[in-house]
Amino acid sequence: MPAWNDYKDEARNRGALAMELFVVTTKPCGDMELVKKTLPDHLKYQKRLESGGALVMAGPVSDASGEHMNAEGMIIYRAENLAAARVLADADPMHAVGARTYEIRKWLVNEGKFNFSIALSTQAVDLA
């Protein structure tokens with residue numbers, strides 16, 4: 001198994017994007033009332049990170065069947081390194097008060113596509 005940075009270099013050398021991001025999977029610790037109580041502060045924190053450029057995407061994920069909401073989520077950070085991403089995750093009010101626990105991993109983005117349109121007259125942006 002190659003070392004992470006060696007693989008990242010190989011990906012770049014073959015022309016891949018090789019953009020390193022950090023994926024946080026987060027789940028409740030059991031006290032759903034604490035999760036609900038902390039949600040407004042969590043959302044404010046997410047918006048602040050989004051404005052500052054550290055939050056790439058975030059939101060809830062379903063259970064394995066795709067039929068139920070189980071209060072788990074995924075957060076994708078842009079950070080200098082894993083330690084800096086962990087600082088962001090630790091400061092999330094959900095994690096700081098113990099409402100949720102998380103795991104964090106590096107993610108090497110190589111392929112994909114975003115489509116968006118900008119309506120100049122209304123200054124609206126649509127992401128597809």
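Student: Is F114 buried or exposed?

Tutor: F114 has a relative accessible area of 54%, so it counts as exposed (exposed is over 50%, buried is under 20%, partly exposed is in between, using a 1.4 Å probe and protein chains only). Keep in mind that this is a predicted model, where local features need pLDDT of at least 70 and side-chain atom pairs count only at pLDDT 80 or more, while totals for chains, interfaces and linings use all residues. Residues are numbered from 1 along each chain as its sequence is written, and side-chain values use heavy atoms, leaving out hydrogens and water.

Student: And where does F114 lie?

Tutor: In the loop between β4 (100–109) and β5. Helices and strands here are DSSP runs numbered from the N terminus: H or I with at least four residues, or E with at least two.

Student: Which residues make the nonpolar surface patch?

Tutor: M57, F114, F116, I118, L120, V125 and L127, for about 810 Å². The elements giving two or more residues to that patch are β5 (116–119) and β6 (124–127). Patch residues have over 30% relative accessible area and no salt bridge; nonpolar side chains (Val, Leu, Ile, Met, Phe, Trp, Tyr) are joined within 5 Å, like charges within 9 Å. A salt bridge puts a side-chain nitrogen of Lys or Arg within 4 Å of a carboxyl oxygen of Asp or Glu. Areas come from the Shrake-Rupley method with a 1.4 Å probe, and for residues only the protein chains shown count as cover.

Student: OK, new topic. What's the strand order in the open sheet of four strands?

Tutor: β2-β3-β1-β4, with antiparallel pairing; two strands pair if DSSP finds at least two bridges between them. β2 (55–62) and β4 are the edge strands, each pairing on one side only. From one strand to the next, the twist averages 20°.

Student: How many bridges join β1 to β4?

Tutor: 10, and those two run antiparallel. In that pairing, T26 has Y102 of β4 as its bridge partner. Between β1 (residues 19–28) and β3 (residues 69–77) there are five bridges, again antiparallel. There, V24 stands opposite I75, and V23 stands opposite I76.

Student: Why call β1 largely enclosed?

Tutor: Because seven of its 10 residues are buried.

Student: And what about β2 and β3, what do they form?

Tutor: A hairpin with six residues between the strands, and G66 in the turn has a positive phi of about 80°. Seven bridges join β2 to β3; G59 stands opposite M74 in β3.

Student: Which strands does helix α3 touch?

Tutor: α3 (residues 82–91) packs on the sheet and touches β1, β3 and β4; contact means heavy atoms within 4.5 Å. Its direction makes about 145° with that of β4. Axes are lines fitted to C-alpha atoms, for helices over the stretch in contact, and angles run from 0 to 180 degrees between N-to-C directions.
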